[in-house]
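Subject: Structure handover and findings

Dear colleague,

Please find below the structure that I am handing over to you. My notes on it follow directly after.

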Amino acid sequence: MGNYQGMIPEGAAGDGPHLVWDWNGTLLDDVAAVISATNAAFAELGLAPITLELYRELYCVPIPKFYERLLGRLPTDEEWEVMDVIFHDHYSRHRVGCGLTEGAARVLGEWRGAGHSQSLLSMYVHDQLIPVVRGYGIEREFVRVQGRTGPSGGSKALHMEEHLKALARTVSPERTVVIGDAVDDAVAAAHVGARAVLFTGGSHSRASLEKAGVPVVDTLREAVEEAARLVA
């Protein structure tokens with residue numbers, strides 16, 4: 001399945017502000033499923049379950065580095081492959097019980113209704129992401145929905161570069177704000193010359209997010225308001 005791309009409004013690049021939304025932990029309130037899947041993967045190596053608080057304190061990308069913080073060493077290639085398969089199998093079963101983050105559908109609709117554009121960029125597998133987003137009834141809000149097509153465990157920076165290149169006709173990095181729940185979202189934004197706002201409802205603690213040096217907020221409405229201020 002190719003990248004979903006909705007109707008992109010006509011106009012010169014950079015005419016208006018653009019939001020790039022993260023999916024897991026930002027628009028999708030799936031942190032409980034992520035913790036459960038992480039603990040299933042850890043159990044394979046005989047590790048004790050991790051709490052939400054510890055997860056948010058130690059989480060980082062690339063994911064093998066996160067596992068190193070918990071193991072005291074990088075997982076072997078064989079361990080990584082096993083843990084990755086178990087994580088995604090477990091997550092897929094539990095994701096179906098997750099809902100959108102509070103206020104997500106409303107802020108997406110209001111932003112699009114105001115005549116602004118937005119897209120979704122995720123490290124979730126692309127061919128799985130498209131039907132999942134469609135199932136939540138919000139696909140129409142985005143001019144582009146793009147997931148990961150390569151190996152798991154990497155950073156979002158190059159993925160973001162590809163995403164904005166595909167939108168270059170109407171979107172400029174200087175007028176773009178990335179909204180996500182991880183420090184890697186801020187790193188990816190900086191990589192392409194965009195701004196970032198980080199949301200505390202997902203993978204990182206507030207203290208961890210604040211180290212990125214970008215605005216940190218507790219709700220998606222605050223995230224959009226801050227994004228609008230950044231590109232005003």
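How many disulfides does a search of the whole structure find? The search finds zero, a disulfide being a pair of cysteine sulfur atoms within 2.5 Å. Cysteine 60 is buried at a relative accessible area of 11%, and cysteine 98 is buried at 12%. Here buried means under 20% relative accessible area, exposed over 50%, and partly exposed in between, with a 1.4 Å probe and protein chains only.

Please note that this is a predicted model, in which local features need pLDDT of at least 70 and side-chain atom pairs count only at pLDDT 80 or more, while totals for chains, interfaces and linings use all residues. Residues are numbered from 1 along each chain as its sequence is written, and side-chain values use heavy atoms, with hydrogens and water left out.

Aromatic pairs

The count comes to ten aromatic pairs. Rings of Phe, Tyr and Trp (its six-membered ring) pair if their centres lie within 6.5 Å; planes under 30 degrees apart count as stacked, over 60 as edge-to-face and the rest as tilted. One of the pairs is formed by tryptophan 23 and tyrosine 136, edge-to-face at 5.8 Å centre to centre with 65° between the planes. Tryptophan 23 lies in the loop between β2 (18-21) and β3 (28-29) and tyrosine 136 in the loop between α6 (126-135) and β6 (144-148), so this pair ties together parts that are 113 residues apart in sequence. Helices (H or I, at least four residues) and strands (E, at least two) are DSSP runs, numbered from the N terminus. Tryptophan 23 is buried, at 0% relative accessibility.

The pair of phenylalanine 42 and phenylalanine 66 is tilted, because the ring centres are 6.5 Å apart and the planes stand at 45°. Phenylalanine 42 belongs to helix α1 (residues 31-44) and phenylalanine 66 to helix α3 (residues 63-71), so the pair ties together parts 24 residues apart in sequence. Both phenylalanine 42 and phenylalanine 66 are buried. Ring pairs also link Phe42 and Phe66 into a cluster with Tyr55, Tyr59, Tyr67 and Trp80.

Two further residues

Serine 205 sits in the loop between β8 (195-199) and α9 (206-210) and is buried, with a relative accessible area of 15%. Its side chain makes a polar contact of 3.4 Å with that of glutamate 57; such a contact is a pair of N or O atoms within 3.5 Å, where within protein one must be able to donate a hydrogen and the other to accept it, and residues adjacent in sequence count only if both atoms are side-chain atoms.

Valine 82, in helix α4 (residues 77-95), is partly exposed at 37%.

Yours sincerely
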